[in-house]
Amino acid sequence: MTRNMIQPLESYRLAQYAVPIHCYLCDAENTFDAELCTHCLAPMALAHQAADQKTEPRMLATVGASSAGKTVYLGMLMDMLSRLPTRIRTVTRGAFSVTLQQNTVTALAHRRFPDKTASEPDRWNWVHCQLRRPNRQESVELIMPDMAGEAIVEEVDHPHTYRVIGAFLKKSAAVIALVDAISLREGHRDHDYFTMKLLSYLAELDNDPKTGWCQRPVAIVFTKADQCESCFEDPVAFAKAHATGLWQQCQERFQRHRFFAAGVVGAVAYSESMLDGNIDVPLRVEPRGIIQPFEWLLDETTKDQKTR
Ligand SMILES: Nc1nc2c(ncn2[C@@H]2O[C@H](COP(=O)(O)OP(=O)(O)OP(=O)(O)O)[C@@H](O)[C@H]2O)c(=O)[nH]1
Ligand SMILES: [Mg+2]
Ligand SMILES: [Zn+2]
């Protein structure tokens, strides 16, 4: 015999599903408990966090071909920002925003470089943080993902393959394009060609003469400059000599661009491994030129917001 019992219906829970949450990047409707946007795979945490803020978050894109040094650069940048309270005060939003910095710093502390970023967008690390200069009242909310180079190349060659990249770049206020200085100096043109393609993609993505990419700030950063001293001394001369096409394209298409050089390690050794082949071993962590491009973009995008 079964005893009678009262089963609460809890149908009120369904009501929550009736109110869609819009993805912060592509504006697609998602249920309130979705972790990733069903349309573009961006984390829905961004939409929830943005809804709690008074100021609209600013997006900063870090792009470059595979192995250009995006993960190392962004991880080191976040680590430096979190330890420079006299220059910029940084508060990360959401535990997931610390993972990138943690992975990079842990890897470098163990004398290895972080792993290659997986090409699936649901495996990327996103950083959402609040920044404030010590002497200023106003703060900036910033969103920066560490996207995979392979996915960026694919999206540039075949637009709409990775919707999250298109949506993010369309909304970004500024871009840091990383280019491998060692491969340029050695005469490999792949990074030069790719960055040129990427900049044309950006220019066409939003070609509004007032608010499009031709007016937004673009920082070209030559990475791994620790192995290429001439690049540190004069990044513009380096660009003219080793990435002429890229240099010309910047002159023609982007009114606000600047060249920088950055390096994270002091010395690199090479080790042969049976499993992985030749691998680079970072011997000392000596970051140079990491903050400068970021600070420049921060100041430039702040000017944009004030004039709007
Ligand atoms: N010497 C030197 N080598 C670096 C530096 N940054 C990165 N590298 C080398 O470049 C490789 C790739 O760096 P990543 O940061 O993983 O490159 P990525 O752009 O994130 O690549 P994907 O994840 O494939 O898009 C590393 O494994 C290092 O061998 C640097 O500052 N100096
Ligand atoms: Mg990476
Ligand atoms: Zn979306």
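Q: In this predicted model, what is a cavity, and which residues line the second largest cavity?
A: A cavity is a set of grid points where a 1.4 Å probe fits but cannot get out, and lining residues have an atom within 4 Å of a point. By this definition, the second largest cavity is lined by Arg58, Met59, Leu60, Leu142, Phe294, Leu297, Leu298 and Thr301.

Q: Which element gives the most to the lining of the second largest cavity?
A: Two elements give two or more residues to this lining, namely β3 (58-63) and α12. With four residues, the one that gives the most is α12.

Q: How do the residues that line the second largest cavity divide by class?
A: The second largest cavity has a volume of about 30 Å³. Its lining includes Leu60 and Phe294. Sorted by class, the lining residues are six nonpolar, one polar and one charged.

Q: How many cavities of 30 Å³ or more does the structure hold, and what is the volume of the largest cavity?
A: The structure holds two cavities of 30 Å³ or more. For the largest cavity, the volume is about 120 Å³.

Q: Which element gives the most to the lining of the largest cavity?
A: The lining of the largest cavity consists of Ile88, Leu131, Arg132, Arg133, Arg136, Glu138, Val140, Leu298, Asp299 and Thr302. The elements that supply two or more of these residues are β5 (125-132) and α12 (291-307). The greatest contribution, three residues, comes from α12.

Q: How many residues in the lining of the largest cavity are charged?
A: Among the lining residues are Arg132, Arg133, Arg136, Glu138 and Asp299. The division by class gives four nonpolar residues and one polar residue, and the number of charged residues is five.

Q: What takes up the space of the largest pocket?
A: The largest pocket holds about 1,000 Å³ of space. It is lined by 38 residues, and those nearest its centre are Ser67, Val72, Phe113, Lys224 and Asp280. The space of this pocket is taken by ligand 1.

Q: Which element supplies the largest share of the lining of the largest pocket?
A: The elements that give two or more residues to this lining are α3, α5 (149-157), α7 (181-185), β10 and β11 (277-288). By class, the lining has 16 nonpolar, 10 polar and 12 charged residues. The largest share, five residues, comes from β10.

Q: How many residues surround ligand 1, and which are the closest?
A: A shell of 21 residues surrounds ligand 1. By class, this shell has eight nonpolar, eight polar and five charged residues. The closest to the ligand are Ser66, Lys70, Thr71, Gly149 and Asp226.

Q: Which element provides the largest share of the shell around ligand 1?
A: Both α3 (70-82) and β10 (263-273) supply at least two residues of the shell. The largest share, four residues, belongs to β10.

Q: What distance separates a polar side-chain atom of Lys70 from an oxygen atom of ligand 1?
A: A polar contact is a pair of N or O atoms within 3.5 Å. A polar backbone atom of Gly69 is 2.9 Å from an oxygen atom of ligand 1, and a polar side-chain atom of Lys224 lies 3.0 Å from an oxygen atom of the ligand. For the polar side-chain atom of Lys70, the distance to an oxygen atom of ligand 1 is 2.7 Å.

Q: What percentage of the area that ligand 1 exposes when taken alone does the protein bury?
A: The contacts with ligand 1 include one from a polar side-chain atom of Lys224. Taken alone, ligand 1 exposes 650 Å², and the part of that area buried by the protein is 91%.

Terms used:
Residues numbered from 1 in each chain as written. Chains lettered and ligands numbered in written order. Predicted model: local features only at pLDDT ≥ 70, side-chain atom pairs only at ≥ 80, totals over all residues. Heavy atoms only, no water. Near = heavy atom within 4 Å. Polar contact = N/O pair within 3.5 Å; in protein donor to acceptor, adjacent residues only side chain to side chain. Areas by Shrake-Rupley, 256 points an atom, 1.4 Å probe, with all protein chains shown as cover. 1 Å grid on protein atoms, 1.4 Å probe; cavity = no way out; pocket = protein on both sides within 12 Å on 5 of 7 lines; lining within 4 Å. Sits in = over half its atoms within 2 Å of the grid points. Nonpolar A, V, L, I, M, F, W, Y, C, P; charged D, E, K, R; others polar. Points joined across faces, edges and corners; volume = space filled by probe spheres on them.
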